[in-house]
Every structure is written in structure tokens, then in C-alpha cells.
Protein chains: 2
Amino acid sequence: MTSGQNPTRESILGGPAVILVQPQLGENIGACARAMLNCGLTDLRIVKPRDGWPNPKANAAASGADLVIDNARIFETTAEAVADLESVFATTVRTRDMIQRFVTPRVAAGEMRERYAAGQKVGVMFGPERTGLVNDDLTLAQTLVTVPLNPAFSSLNLAQAVLLIGYEWFQAGDRTPDRFLHTGQTRPATMAERVNFFERLEALLDRTGFFTSEAKRPSMVRTLRNAFERMEMTEQEVRSLHGVVTALVEGDRRKGGS
Amino acid sequence: MTSGQNPTRESILGGPAVILVQPQLGENIGACARAMLNCGLTDLRIVKPRDGWPNPKANAAASGADLVIDNARIFETTAEAVADLESVFATTVRTRDMIQRFVTPRVAAGEMRERYAAGQKVGVMFGPERTGLVNDDLTLAQTLVTVPLNPAFSSLNLAQAVLLIGYEWFQAGDRTPDRFLHTGQTRPATMAERVNFFERLEALLDRTGFFTSEAKRPSMVRTLRNAFERMEMTEQEVRSLHGVVTALVEGDRRKGGS
């Protein structure tokens with residue numbers, strides 16, 4: 001899973017602010033910045049980073065996401081960090097005794113997209129590595145987000161939590177087709193090209209006695225055609241298969257067959 | 001985003017095999033094991049780990065996912081690692097010149113769930129940190145998975161790639177409601193409780209001259225009721241608001257108001 005920076009492609013920037021409340025390790029802040037930029041998020045806000053700021057360990061762990069680190073803003077309190085936002089989400093795994101609205105990351109991403117598209121300033125808060133957000137911070141959020149995970153082992157590190165929220169944000173606005181057949185220089189074969197191949201193959205098989213009886217031939221033909229059709233053959237592959245069939249037939253001839 | 005191991009909750013185990021092909025760093029293997037267990041995946045297979053096996057750095061980075069590390073199996077070749085599987089997915093960010101089917105992680109997860117539910121043995125392959133999977137490995141997969149991410153900065157570390165695939169696997173089988181209001185010991189207020197509060201408030205406001213004219217009263221009432229209704233009040237909150245109103249009214253009286 002590599003590839004890295006690609007300066008020839010336009011970066012997708014903006015999106016909701018990410019607010020890290022009292023993060024402890026610079027490495028984690030850097031890894032969060034990297035995960036943010038992976039997902040097109042660039043507005044990093046940090047409340048009271050334990051080890052001060054700037055932090056060279058954050059730059060090192062950002063693996064090239066310097067843009068995010070260099071533009072990070074530092075705040076003394078969570079309230080100041082979210083002051084200009086109209087809509088705040090907060091991540092938590094704890095069930096609290098507070099009355100608040102919980103959603104999954106997927107639903108949160110959809111709601112963030114709606115609000116962001118409507119011109120609202122949106123943010124999502126993450127708590128310190130060990131303790132998570134305290135109730136006073138959660139009260140600054142209108143919606144809490146909990147990631148459904150293995151209930152017996154649900155601990156995520158900070159950057160992984162940021163990645164999952166950012167990933168859902170990105171997917172909610174992404175236009176990548178769900179499925180596609182990568183065909184490179186070629187194209188999907190037309191029905192005519194496929195049927196032409198099938199008919200040639202079947203005619204050759206007729207001569208070999210492959211079809212054990214005329215009664216069984218139709219179902220045997222269907223079985224073969226269905227199997228080949230699942231290949232979703234390209235034009236190039238149909239030509240290759242013609243070549244394969246020719247080679248098999250000629251090989252047989254060389255050995256002195258019919 | 002904390003919480004960690006919770007031995008009182010039953011772990012969700014099984015799922016597709018995760019095949020790491022020639023991973024370099026033990027730390028990364030450990031982080032992959034942690035991400036796997038987060039998502040209920042436990043079948044880890046490693047092809048030629050660069051630094052040998054067992055690797056204490058993998059155990060340290062697994063942060064408690066020892067179950068996955070201890071049961072990991074080591075193979076000499078990718079072909080051996082996938083030999084018993086019926087369906088293999090492979091992650092890649094590169095566009096290759098091969099003709100293969102690409103899907104998003106979400107679609108891959110749905111397809112893995114379908115196949116797994118049908119009793120098939122399923123796996124997903126991840127390449128070495130720097131280079132990704134080579135074409136000969138990709139040929140062992142029937143479906144390639146690419147994560148849609150910021151095209152200018154799409155590099156994920158190995159554990160993050162494993163986490164995103166595992167996350168989608170988990171979500172595809174998860175029954176968590178998309179949204180819910182956590183109400184703790186209380187319950188949502190009934191319409192009767194809410195309307196009773198509104199009518200009391202409006203009657204009190206009538207006495208204060210809050211409604212500037214009889215003509216404007218209906219729209220002012222609607223504005224207030226709509227705002228309170230967006231709170232999705234619980235029964236406890238309705239009682240609190242009654243108390244607030246009483247306090248405000250009595251405070252006024254103590255100052256000698258009407």
C-alpha cells in the first residue's frame with residue numbers, strides 16, 4: 001500500500017477542522033497530520049500539547065504532511081479551539097451518563113458533508129491518548145461519534161481514530177466508482193466478439209467428440225459460455241484465447257491428430 | 001479514543017485471513033495485529049518477514065493483540081500462504097497494466113461478507129511497506145482493492161491499510177444503529193410532557209408581554225416550539241426546564257415583579 005506524495009495531482013484541501021485536545025506524543029500528532037492529509041483535511045488545531053509546540057517529532061512522523069503541521073494552530077482551551085465553529089463532533093468510546101446524540105462515523109461524515117456544503121464551519125474533536133475527552137469537552141460537541149469495533153478490543157491509537165473519521169469524510173464526497181474492471185490499453189469485448197469465440201470453440205470441440213451426446217450438448221455449451229462470461233473478457237483477452245485454441249489445435253496436428 | 005481491552009465482553013473472532021507479504025518492520029506487523037483484532041480478525045499469515053519470526057518488536061507494538069501475533073503463521077511464498085483460500089482480495093494503489101477487477105474497500109467488505117457467509121475461505125493481501133505487491137502476487141487475487149484517498153497524498157502505512165479494510169469488514173456485519181440518543185437513566189419525553197411544558201411556558205410568557213401582538217403570537221410560539229423540539233428532550237430534561245422556568249419566575253417575584 002504505497003505511492004506517497006504525488007505533486008502532479010491536485011491536492012484536495014479544506015474540510016472540517018480536526019481538534020486534538022491535550023495530545024501527549026509528538027509522534028502521534030505527526031501521524032494524525034499524515035492521516036488528515038490522506039483524507040484531504042488540513043485544518044489542525046491543538047489544545048495544550050503536552051510536549052510543547054513546535055515539536056520536531058511531529059514533523060518527522062508526518063511523513064511529508066508538513067502543510068498540516070506548519071499550519072497547525074495552538075489553543076489554551078478547547079472552548080477557544082472551537083469558538084468559530086458552528087457544528088462540533090466529538091469522538092468517544094465511553095458510554096457517558098450525559099444525554100447526548102451518538103452516531104456512527106459514516107453518519108457523522110454524511111452530516112459533516114451536509115453542513116460543510118451549506119457553508120457551516122465544522123470540526124471534530126479527539127481526546128488525549130490515554131483518557132479520551134472529558135465531559136466538559138464533550139459538552140462543546142453537539143454530536144458524539146463512536147466507532148463500532150470489536151467490543152473486546154476497541155482501543156484505537158489517536159492517528160487511527162483520526163484516519164477512520166477522515167476516511168469516512170473522504171468517502172462521503174468521493175466519486176470513485178464502487179467497481180470497475182481495469183482494462184489498460186484494451187476494452188471490454190463486444191458480445192459479437194465473445195459469441196464469435198464461443199462458436200469457433202464449440203465447432204472445434206464438435207470435431208473432437210468433446211460433447212458426449214447431442215442431447216447433452218446444449219447444457220455443456222451453456223456451462224462453458226457461462227464460465228467464460230464470468231471472466232468479463234476484454235477484446236485483447238478474446239484474441240489471446242483464440243490464439244490458445246489455435247495453438248492447442250495445431251499442437252494436436254503436429255502430433256499427427258485429425 | 002480510549003478504552004482498550006475489555007475481557008468481560010466476548011471477542012468477535014474469525015473473518016478473512018490477512019496476508020502480509022514480506023513486511024519489513026516488526027513494529028508494523030504488531031500494529032497490523034492490533035488493527036486486525038480491533039476489527040475481529042485473527043487469522044494472520046506472513047510471507048517471509050524480513051527480520052525473521054518471532055519478532056519481539058511485533059509483540060510490543062501489538063498492544064495486547066497477542067492472540068493474533070501468537071497464532072500468526074509464516075510462509076515461504078505468497079502462493080503457499082493463500083493455498084487453502086477460495087477467494088483472495090489484494091490491496092494496491094498502483095494502476096497496473098494488468099487486466100483486473102478493482103473495487104472500493106466498502107464493496108470488497110460486502111463481497112467478503114457474502115463469500116464468508118457462504119462458507120468460503122477468504123483472504124486479503126497487503127504488500128511490503130515500500131513497494132506494495134508485485135504483479136505475480138496480484139495475479140493470485142481475483143479482486144484488487146484500492147482505497148479512495150487524497151490523490152496528492154495517498155500513502156498509508158501498512159497498519160492503516162489493514163485498519164481501513166478491517167474497519168469496512170466490521171461495519172459490513174455490524175448491527176450498531178446509525179444514530180441514537182443516549183439517554184442514560186431517563187427516556188425521551190412524551191409529546192404530552194413536551195406540550196405541557198410548552199403550554200405552561202407560553203402562558204407565563206403571555207403574562208409578561210413577551211408576545212408583542214396577538215397577530216404575531218402564533219408564529220412566535222411555533223419558533224419557540226420548533227427550537228425546543230430540536231433538543232429531542234428527555235423526560236428528565238423537561239423536568240429540569242420546568243425548574244428553570246419556575247426559578248426565573250420566582251426570581252422575578254423576589255425582586256418585586258408581578
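Leaving aside neighbours within four places in sequence, which residues is B:D137 in contact with? They are B:V21, B:T78 and B:M125, where contact means heavy atoms within 4.5 Å. This is a predicted model, in which local features need pLDDT of at least 70 and side-chain atom pairs count only at pLDDT 80 or more, whereas totals for chains, interfaces and linings use all residues. Residues are numbered from 1 along each chain as its sequence is written, chains are lettered from A and ligands numbered from 1 in the order in which they are written, and side-chain values use heavy atoms, with hydrogens and water left out.

**Overall form of chain A**

- The secondary structure of chain A consists of 10 helices and eight strands, where helices (H or I, at least four residues) and strands (E, at least two) are DSSP runs numbered from the N terminus.
- Chain A has a radius of gyration of 29 Å, while a compact globule of 258 residues would have one near 18 Å; the radius is taken over C-alpha atoms, and the globule rule is 2.2 Å times the number of residues to the power 0.38.
- Taken along the principal axes, the box filled by the C-alpha atoms of chain A is roughly 90 × 40 × 40 Å.
- Among contacts in chain A between residues at least 6 apart in sequence, 82% join residues that are at least 24 apart.

**Surface and charge of chain A**

- Of its 258 residues, 49% count as buried, a class that means under 20% relative accessible area, with exposed meaning over 50% and partly exposed lying in between (1.4 Å probe, protein chains only).

**Relation of the two chains**

- A rotation of 180° with 0.0 Å of shift along its axis superposes chain A on chain B, with an RMSD of 0.1 Å, which is the relation of a two-fold axis; the superposition is by least squares on the C-alpha atoms of residues with pLDDT of at least 70 in both copies.
- The copies meet through the same surface, because 100% of the interface residues of chain A are also interface residues in chain B.

**Two buried residues**

- B:D137 has its place in helix α6 (residues 135-138) of chain B, and at 11% relative accessibility B:D137 counts as buried.
- A:V88 belongs to strand β4 (residues 87-91) of chain A and is buried, with a relative accessible area of 3%.
- Apart from neighbours within four places in sequence, A:V88 is in contact with A:V82, A:G123, A:M125, A:L140, A:A141, A:Q142 and A:T143.
- A:V88 and A:P49 are 39 residues apart in sequence, and their C-alpha atoms are 20 Å apart in space.

**Backbone geometry**

- Most residues other than glycine have a negative phi, and most peptide bonds are trans.
- A cis peptide bond with omega of about 0° joins A:W53 and A:P54, and A:P54 is found in the loop between β2 (44-47) and α2 (56-61) of chain A.
- In chain B, a cis peptide bond with omega of about 0° joins B:W53 and B:P54.
- A:E232, in the loop between α9 (217-229) and α10 (235-254) of chain A, has a positive phi near 50° and counts as partly exposed at 41% relative accessibility.
- B:Q22, in the loop between β1 (17-21) and α1 (26-38) of chain B, has a positive phi near 45° and is partly exposed, with a relative accessible area of 41%.
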